[in-house]
Amino acid sequence: MTPGRRLAGGAGPEHTRGVDIPALRWLEPPEGPAIELLDQTRLPVVEAVVTCRDVPSLVDAIRRLVVRGAPMLGVAGAFGVALAACRGDDVAAATEAIETARPTAVNLRWGARRALAAYREASASQDHEPERGAAQAVVALARSIAAQDAAASDAMAAYGLELVPPGARVLTHCNTGALVSGGAGTAFAVIMAAHRAGRLAQLWIDETRPLLQGARLTAYEARRAGLPHAVLADSAAASLMAAGQVDIVLTGADRIAADGSVANKIGTYALAVLARHHGVPFVVAAPVSTIDPDTPDGAAIEVEQRPAEEVTHVAGVPTAPAATAGYNPAFDVTPPALITAIVTERGVARPVGEGTLRVLVEGSSDCDGPLDAIYVERWGS
């Protein structure tokens, strides 16, 4: 890991404009093979780069949330398999280690397994230096996944913009911007599109407990982009909606079950319940790769349980008495009945259910396919 450096001009998020280190970068020889990660656990005060030169270090980085967010985990998973292939490691074992690093985000497994399939296919077809040729094929596949994720981000922004009314006051949860994507993000990409179109009046950002990805990361990205924004405690969302200060809720997703149930950062379900009570549209933005047809419903989604210290401590400082137990699910599950629409790069599912999602997913297992609208229902249609 390279030494952390404070952002130019000071120590706080007000000094982050102009800093542009990608969330993930693949290093070719002689610097590599390696994966360079922007350490998201140290933002916004310090920008530090973690360099993973083998799969165990990448798995550790994924578990510690150095790299995070469903789409970016898919990219990281593919590059992790590429790293193993380039090193001459056991690629199948590396794939298993990567895809089990975090259990809920299906993109991690999706990216790693696609890379493994590419490796095996290339190995079988290479007559000369099969290992080298297969490794190059996996690197190319990983680069392709990253590029397609960027294109998907643009498409989601375009579709999602149609759902944002003029003068919108948007509430978002966790972090869904360029830190979690090859492009502008998922829900944050929609928010950025609304801002560019002059439709965004205010962005409300939940702190997002317990690791404060909203306060640390979304506010970091919002400030850099010049968005009008404010951070609020998660528990303040109810009074904000009751005061009529929220026009739409926009979140991302870590896994979407076949029936439309959405697993996302803990606290999302509470927002959906509040939104339904107050008549506020609740919209999820996620690429089609986040939809998992093999998971039938929300009850079948494995929810990651994280260390209790993330609840009983803040930035390593105890906030509860010693030996206090902690309950720390990383995600909760929102049922489809509470979701107004799901925005993907292929269109908008509305109403949300197995039928509309199946139309979006059908034929999309090949991510090289066109990013066309398969199913779109416009607001109010």
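A cavity is taken as a set of points, on a 1 Å grid over the protein atoms alone, where a 1.4 Å probe fits but cannot get out; lining residues have an atom within 4 Å of a point. The model is predicted: local features need pLDDT of at least 70, side-chain atom pairs count only at pLDDT 80 or more, and totals for chains, interfaces and linings use all residues. Residues are numbered from 1 along each chain as its sequence is written, and side-chain values use heavy atoms, without hydrogens and water.

The structure contains 1 cavity of 30 Å³ or more. The lining of the largest cavity comprises 20 residues. Arg68, Gly69, Cys174, Asn175 and Asp254 lie nearest its centre. Two or more lining residues come from each of α2 (70-87) and β11 (262-265); helices (H or I, at least four residues) and strands (E, at least two) are DSSP runs, numbered from the N terminus.

β11 also belongs to an open, mixed sheet of 4 strands, ordered β13-β10-β11-β16. Strands pair if DSSP finds at least two bridges between them. β13 (291-292) and β16 (331-334) are the edge strands, each with a single partner, so one side of each has no neighbour in the sheet. β11 and β16 pair antiparallel over 4 bridges. Asparagine 264 has aspartate 332 in β16 as its bridge partner.

Terms used. On a 1 Å grid over the protein atoms alone, a cavity is a set of points where a 1.4 Å probe fits but cannot get out, and a pocket is an open set with protein on both sides within 12 Å along at least five of seven lines; lining residues have an atom within 4 Å of a point. Grid points are joined across faces, edges and corners, and a volume is the space filled by probe spheres set on the points.
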